[in-house]
Amino acid sequence: MIASDGIYFVSQSAPRSISFYDFSTQKTRDIFKTDRDLDAGISISPDGRCYLLFSQLDENDSNIMLVSNFH
């Protein structure tokens, strides 16, 4: 997510952290860590100070099943 003063991102090497790259200092810092991997997409409030929305993976496995003649 690009903001006026930097970029918020989730690194592939740290999928449980949201980091911020500051344009003025040219440095990266972790701003949030969680106990589960983060999923696709983050969003920050327009003022860049109040709200950060993110999604997390609940489970890393899934199954697809085909059921025939289900009543």
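## Strands and overall make-up

Two strands pair if DSSP finds at least two bridges between them. Strands here are DSSP runs of E with at least two residues, and helices are runs of H or I with at least four, numbered from the N terminus. This is a predicted model, in which local features need pLDDT of at least 70 and side-chain atom pairs count only at pLDDT 80 or more, while totals for chains, interfaces and linings use all residues. Residues are numbered from 1 along each chain as its sequence is written, and side-chain values use heavy atoms, with hydrogens and water left out.

The protein chain contains five strands and zero helices. In sequence order its pattern is β-β-β-β-β. Of its 71 residues, 18% are buried (under 20% relative accessible area; exposed is over 50%, partly exposed in between; 1.4 Å probe, protein chains only). The accessible surface of the chain is about 6000 Å² (Shrake-Rupley method, 1.4 Å probe), and carbon and sulfur atoms hold 51% of that surface. Among contacts (heavy atoms within 4.5 Å) with a separation of 6 or more, 12% link residues 24 or more positions apart.

## The three-stranded sheet

Three strands form an open sheet in the order S1-S2-S3, and their pairing is antiparallel. Strand S1 (6–11) and strand S3 (27–33) are the edge strands, each pairing on one side only. From one strand to the next, the twist averages 30 degrees (axes are lines fitted to C-alpha atoms, with angles from 0 to 180 degrees between N-to-C directions). Strands of a sheet pair through backbone hydrogen bonds.

S1 and S2 pair over five bridges in the antiparallel sense. The two strands form a hairpin, with two residues between them. Tyrosine 8 has phenylalanine 20 in S2 as its bridge partner.

Strand S2 (residues 14–22) is also joined to S3, by six bridges, and these two strands run antiparallel. Here too there is a hairpin, with four residues between S2 and S3. Glutamine 26, in the turn of this hairpin, has a positive phi of about 60 degrees. Serine 17 stands opposite lysine 33, serine 19 has aspartate 30 as its bridge partner, and aspartate 22 has lysine 27.

Serine 17 belongs to strand S2. Its relative accessible area is 8%, so serine 17 is buried. Leaving aside residues up to four places away in sequence, serine 17 touches Phe9, Val10, Ser11, Asp30, Phe32, Lys33 and Leu38.

Isoleucine 7 is in strand S1. Its relative accessible area is 29%, so isoleucine 7 counts as partly exposed. Not counting residues up to four places away in sequence, isoleucine 7 touches Met1, Ile2, Ser19, Phe20, Tyr21 and Phe23. Isoleucine 7 and threonine 28 are 21 residues apart along the chain, and their C-alpha atoms are separated by 9.2 Å.

## Charged residues

Side chains of opposite charge can pair when their charged atoms come close. The whole structure holds one salt bridge (a side-chain nitrogen of Lys or Arg within 4 Å of a carboxyl oxygen of Asp or Glu). The side chains of aspartate 30 and lysine 33 meet in a salt bridge, with 3.8 Å from N to O. Aspartate 30 is partly exposed because its relative accessible area is 45%. Lysine 33 has a relative accessibility of 58%, so lysine 33 counts as exposed.

Aspartate 22 lies in strand S2. Aspartate 22 is buried but has no salt bridge. When residues up to four places away in sequence are not counted, aspartate 22 touches Asp5, Gly6 and Lys27.

Note on methods: Lys, Arg positive; Asp, Glu negative; His and termini not counted.
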